[in-house]
Amino acid sequence: CSRSRARQAASLATMGRARTAMQPYRSTGGDSGIVAYACGPGWIDIRFRRSGTYRYDARHPGALHVMQMQRLAEAGTGLNTYLNRYVRDDYAARLD
């Protein structure tokens, strides 16, 4: 996710735990269970329609999964399928 250097530095200073504004997830299919996301270096927060907001990071489910999830979130396609297929319940924290 693209962010300014100042915001990146602030995020790193708080070890990626600061909440950032959620971006609407633009599902190209229109039927995703994901409504919004926010991301930064090494993490992504995903808000689901029915189950709250979860953080995924380099520890859970791992850096490669997080990078792919960030790409899919920005593209607005395939994120829910990817989560169901490869990540499932391997999240770092439930945020709400």
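I take contact to mean heavy atoms within 4.5 Å. The model I am reading is predicted: local features need pLDDT of at least 70, side-chain atom pairs count only at pLDDT 80 or more, and totals for chains, interfaces and linings use all residues. Residues are numbered from 1 along each chain as its sequence is written, and side-chain values use heavy atoms, with hydrogens and water left out.

Entry: I looked up I46, setting aside its neighbours within four places in sequence. Its contacts include M22, I34, Y54, M69, L79 and L83.

**Entry: aromatic pairs.** I found three aromatic pairs. Rings of Phe, Tyr and Trp (its six-membered ring) pair if their centres lie within 6.5 Å; planes under 30 degrees apart are stacked, over 60 edge-to-face, the rest tilted. F48 and Y54 are edge-to-face because their centres are 5.8 Å apart and their planes stand at 70 degrees. F48 is buried at 15% relative accessible area, and Y54 is buried at 10%. Buried means under 20% (1.4 Å probe, protein chains only). Y82 and Y86 make a tilted pair, 4.9 Å centre to centre with 50 degrees between the planes. F48, Y54 and Y91 form one aromatic cluster.

**Entry: a charge over a ring.** I counted a charge when NZ of Lys or CZ of Arg is within 6 Å of the ring centre and within 35 degrees of the ring normal. R55 lies over the face of W43, 4.1 Å from the ring centre.

Methods. Buried < 20%, exposed > 50% of the residue type's maximum accessible area, 1.4 Å probe, protein only.
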